[in-house]
Structures are given as structure tokens and as C-alpha cells.
Amino acid sequence: MIEWQNFDLKVRGDRAAGYRVAAAGPAGPQGEAAFHEAALAGLGPALWAIRAGTADRAAMERVGLGLFQALMPMEVMAAYVTVQNQLAAGQGLRLRLHQPPELDRLPWELVYYPPDFFAASPGLSVVRFLDRPDIPAPPEIERPLRIVYLAGDASGLSGSSAGQERAQLSAALAGAREEGLVDVLAARQATAAALGEGQVLHFSGRAGQEEGKGVLFFEGGGDVQPMAGGRLTRRLVEAGVRLAVLCARGPVKEGSSGAWEDVARTLVGGGLAAVVTVHRPLPEGIELAFMAGFYRALGQGRAVDAACGAGRQAVIDALGAAWPERGDW
């Protein structure tokens, strides 16, 4: 198992006055420079194509390189290379990205320096990190890891379809279940009242925005009920849930951008240890490959970001030679 060393990149400031990015490695602060926001100019169409799942390799590389140039000006790049060169055998580098909320919507997982995307490299982990005064200690893993599957309103996802989807997830985790690593539980109802029956909430549904804040849509009494991130956070924390995995269903609509990020930031800021979001619906086999790799690694006791890396590698394996042309990972 890889021993991870942290490399923090902290973006501070605002668009009006300009941003700066500071780097800190295991030995402390190592460099600071202006965030090169000009590197992101003109990427709007490619960014939308990535969110919608229609981007080709060239678009992903263009966006990824722009993100790299913005985040790693020369002084920061020098610090990164120094820390990389100091890694011992068996160690990997965890890039912890701290940024203002308005930069959350950028696909930082696509940071690219030829020839590799950082998040697709086995020895690199890319994680969005929220500064908090009371960061919780990593929770002890109780095996089997109890995953509560909850289907929210998904614009036409029927009860039978939701049951089939949970069964597919359970089947994809059959090997890990037989090893006693994970167990997939069905929520009693597809409502917010079903939260808190396990250690992990796996939500499959829709997100949106109401009054400028991200919400998830639940079923309740025959109606669709939006639940803001703050209210959801209180319910999850009170129930002892430490991790939420939020998976998009339904079409990606322009204008709904940022809802998943807003909900995730609120959940972590309110006390959850971590949140994983899948911002757009993935092809069935691809999502199941990710979840099988992710939950198996999590059940083995790996950190959440390392488990995400295992899930991405499972997707890359499932796609085979076609993976460079697909952004599903």
C-alpha cells in the first residue's frame, strides 16, 4: 500500500484583486507566486464539453494543461519537482488543493502535464481539501463497510429501476462482499428519512440550485422535495454517517453547474469526513467499474482519495485501449 506524502497548494484572493497560490510540502512552505488565471482564458466551451461528457482527448488535454499552468507557476513547479524527487520507494504524492468556492467548478482532477493526467497516475492523488478548524480524525473502518443505497428523484427513475440499480451495484461488489469487506443495504424508502442506516450514504439522483444554494432532490409523499446541503449535513452527522457518495442521474443541464460542488463543500464544512461526487451520469458499466474499485479499496482500509484512485484505475482497465479518448475516469 502506498504511503502518501502531502503537497498542499493553497489558492487565496479573489478575481478582483487577483489570486496567489502557495505551495507547502512535508517540510513546510516551499514557494508562492501569482495564480496564472490567464491560462484558463478561452476554455469555456471545452469545460462545458467535459461536464457534459462530450469532450475528446484534445479538449481534455487543453483544459488540463491550462489548469496546470494556472496552478503551478515556475516557483510552485520548482517546489513540486523538489518534493517529487525526495519521495522514497513506496511513497506517493497527494496534491491537496485548497481554493475559494468560485473555483470549485473547475475540473481539477484533469490537471495535466505531458504525458500524464495527474489523477490517472498511480503515484499521484488529487484531492480537494477544505480548511477547517476541527478536521475530524479518520473514522475507524468497521467491516463489512455498510453502504446505504438511496435513490432520490431522478426525473423518471422508477422504483423498480432504482431497485435494479441497487442490485447491479451489489452484484458489482460481489467479490468484496464475499470477503466481508462491504455490504449494500437498501434504504426503506427513497426519502430523506431513510438516511443514516450505514456508514456510507450512496445517493443516486439529481442536484440543483434553489436561492443560489445547492440542493439534492428527494421523493416524499408523492412529491419532489429539495433538501439543502445544510439540512442534509445535520441529518447525516446526527446519524453517524461519515462519507457521502453522490451520483448524478438525469441529463446534465447548462445552468445547474456548481450544485454538486456546493452540496459537497457544505457537507464537508459541516462535519462529514469526505464527499465523493460523480457530476454527470456515466455509462452503466463504467460507473459500476468505478464503484467496485472504489468500495473494495475503501473496505480494505485505504484513504478515500486513494480509493478514488483505485476506482479510476478500474475504469481505465474497463475501457482498455480506448481510455485516453474517454473522460469517464
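In which loop does Arg280 lie? Arg280 is found in the loop that runs between β15 (274-278) and α8. The legends below begin with this residue and describe close-up views of a predicted model.

**Figure 1. Arg280 and its partner Asp328.** The side chains of Arg280 and Asp328 are joined by a polar contact of 3.3 Å. Arg280, in the loop between β15 and α8, has a relative accessible area of 13% and is therefore buried, the cut-off being under 20%. Asp328 is likewise buried, with a relative accessible area of 11%. The side chain of Asp328 also meets that of Arg326 in a salt bridge, with an N to O distance of 2.5 Å. Arg326 is partly exposed, at a relative accessible area of 31%.

**Figure 2. Helix α8 and the glycine that follows.** Helix α8 comprises 16 residues, numbered 284-299. Most of the helix is covered, since 13 of the 16 residues of α8 are buried. Just after α8, Gly301 adopts a positive phi of about 100°.

**Figure 3. The salt bridge between Asp131 and Arg12.** A search of the whole structure finds 14 salt bridges. One of them brings together the side chains of Asp131 and Arg12, at 2.8 Å from N to O. Asp131 lies in the loop between β7 (124-128) and β8 (145-151), while Arg12 belongs to strand β1 (residues 3-14), so this pair ties together parts that are 119 residues apart in sequence. Asp131 is partly exposed, with a relative accessible area of 39%. Arg12 is also partly exposed, with a relative accessible area of 39%.

**Figure 4. The salt bridge between Asp104 and Arg265.** The side chains of Asp104 and Arg265 meet in a salt bridge with an N to O distance of 2.7 Å. The pair links distant parts of the chain: Asp104 is in the loop between β4 (91-98) and β5, Arg265 is in helix α7 (residues 259-270), and the two are 161 residues apart. Asp104 counts as buried, at 8% relative accessibility, whereas Arg265 is partly exposed, with a relative accessible area of 22%.

**Figure 5. A network of salt bridges.** Which residues are linked in a network of salt bridges? The network links Glu165, Arg249 and Glu287.

**Figure 6. The crossing of helices α6 and α7.** Two packed helices are described by the angle between their axes and by the distance between those axes. For helix α6 (residues 229-239) and α7, the axes come within 9 Å and cross at roughly 40°. At this angle, α6 is oblique to α7. The crossing of α6 and α7 is right-handed. Helix α7 is also the element that holds Arg265, the partner of Asp104.

**Figure 7. Two buried residues in strands.** Leu246 has its place in strand β14 (residues 243-248). At 0% relative accessibility, Leu246 counts as buried. Between Leu246 and Arg206 there are 9.0 Å in space, C-alpha to C-alpha, although the two are 40 residues apart in sequence. Ser125 lies in strand β7 and is buried, with a relative accessible area of 5%. The side chain of Ser125 makes a polar contact of 2.6 Å with the side chain of Asp305.

Figure 8. Is Glu211 buried or exposed? Glu211 is exposed, because its relative accessible area of 84% is over 50%. Glu211 lies in the loop between β11 (207-210) and β12 (213-220). Its phi is positive, at about 55°, although Glu211 is not a glycine. Pro115 is placed in the loop between β5 (112-113) and β6 (116-117).

Methods: Residues numbered from 1 in each chain as written. Predicted model: local features only at pLDDT ≥ 70, side-chain atom pairs only at ≥ 80, totals over all residues. Heavy atoms only, no water. Helix = DSSP H or I, 4+ residues; strand = E, 2+ residues; numbered from the N terminus. Expected span 1.5 Å × (residues − 1). Buried < 20%, exposed > 50% of the residue type's maximum accessible area, 1.4 Å probe, protein only. Polar contact = N/O pair within 3.5 Å; in protein donor to acceptor, adjacent residues only side chain to side chain. Salt bridge = Lys/Arg side-chain N within 4 Å of Asp/Glu carboxyl O. Axes fitted to C-alpha atoms, helices over the stretch in contact; angles between N-to-C directions. Parallel < 35°, antiparallel > 145°, perpendicular 65-115°, else oblique. Left-handed = near helix turned anticlockwise from the far one by under 90°.
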